[in-house]
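Let's walk through a protein chain together, one question at a time. Keep the structure open beside you as you read.

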Amino acid sequence: MLTALAVGSIVAACGTSEPPREIPEGIPPGAGTPVPAIDFNAPGRTADLLLEWAEPQSDAVNISAPALAAYGHAAAIMADTSPDCGIAWTTLAGIGFIESRHGTYQGSTVAADGTVSPQIRGIPLDGGPGVAEIPDTDGGLLDGDAVHDRAMGPMQFIPETWRKWGVDANGDATPNPDNLDDAALTAARYLCARGGDLRTAEGWERALMAYNQSGAYLRDVRDAAAAYSVGTRA
């Protein structure tokens, strides 16, 4: 549905004598460090309220504090607004790792407000080998391609999906696929709508297969999310 990037696996060289942590198997992956309650109706970027939660674990999981706060922020909002879904920040982080290395693919960076630059765009969805064919749906307004659609931003949404599901989460009143706060909450809303109860194996698998209809993709996201659930890098 969303992904168009082909990013290879990164093997972390931790350079420490500490034995590697055992990564749990099965789905859904663990929920990870509990996200504290925050006032996400406060003015400004309310994901900043989670920086004290994100910063101490940022290095261990190899996710920048602004990106980690964005995932936790989305999970916290969904816990309040859609408590029957049960989506965890680890699942969103697993997707963010596979899709864009948490907004750092090909040298992009995540600003303090969650905005990723340079913008991340996938390959043209032109029907080539292993690629869906999606003719342009936005006149190139969102993805910069007026011939074929491209997946956009750190969570790799196609324009049609973004127009339907995109939401503002960083307080600037503009849903932006290149902002990780907005993209993470949009992904969470989509996953919950498609999967139902993501605390069950059936719901989690249904949600991930709706995001990307690939068993290999599901396993890659699960592996990354499971690593984050025990406080280590993917």
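Q: How many positive and negative side chains does the protein chain have, and how far apart do the centres of the two sets lie?
A: Lys and Arg count as positive and Asp and Glu as negative, while His and the chain ends are not counted. Each charge is placed at NZ of Lys, CZ of Arg, CG of Asp or CD of Glu. On that basis there are 14 positive and 30 negative side chains, and the distance between the centres of the two sets is 4 Å.

Q: What kind of model is this, and how are its residues numbered?
A: This is a predicted model, in which local features need pLDDT of at least 70, side-chain atom pairs count only at pLDDT 80 or more, and totals for chains, interfaces and linings use all residues. Side-chain values use heavy atoms, leaving out hydrogens and water, and residues are numbered along each chain as its sequence is written, starting from 1.

Q: Is Arg45 buried or exposed?
A: You will find Arg45 in the segment before helix H1 (51-61). Buried means under 20% relative accessible area, exposed over 50%, and partly exposed in between (1.4 Å probe, protein chains only). The relative accessible area of Arg45 is 10%, so Arg45 is buried.

Q: Which residue has its backbone oxygen 3.0 Å from a polar atom of the side chain of Arg45?
A: Contact means heavy atoms within 4.5 Å. Leaving aside residues up to four places away in sequence, Arg45 touches several residues, including Pro66, Ala112 and Asn170. Ala112 is 67 residues from Arg45 in sequence, yet their C-alpha atoms are 9.4 Å apart in space. The backbone oxygen 3.0 Å from a polar side-chain atom of Arg45 belongs to Pro66.

Q: What is the relative accessibility of Asn170?
A: Asn170 sits in the loop between helix H4 (159-165) and helix H5 (180-195). Among the residues that Asn170 touches, not counting those up to four places away in sequence, are Gly44, Arg45 and Asp181. Asn170 counts as buried, and its relative accessibility is 6%.

Q: Where is Pro118, the residue joined to Ser117 by a cis peptide bond?
A: The bond between Ser117 and Pro118 is cis, with omega about -10°. Pro118 lies in the loop between strand E2 (116-117) and H4.

Q: What is the relative accessible area of Asn62?
A: Asn62 is in the loop between H1 and helix H2 (65-81). Its phi is near 60°, a positive value in a residue other than glycine. Asn62 is partly exposed, with a relative accessible area of 48%.

Q: Is Arg101 buried or exposed?
A: Arg101 belongs to the loop between helix H3 (89-100) and strand E1 (109-110). Although Arg101 is not a glycine, its phi is positive, about 50°. With 8% relative accessibility, Arg101 counts as buried.

Definitions and conventions: Helices (H or I, at least four residues) and strands (E, at least two) are DSSP runs, numbered from the N terminus. A polar contact is a pair of N or O atoms within 3.5 Å; within protein, one must be able to donate a hydrogen and the other to accept it, and residues adjacent in sequence count only if both atoms are side-chain atoms.
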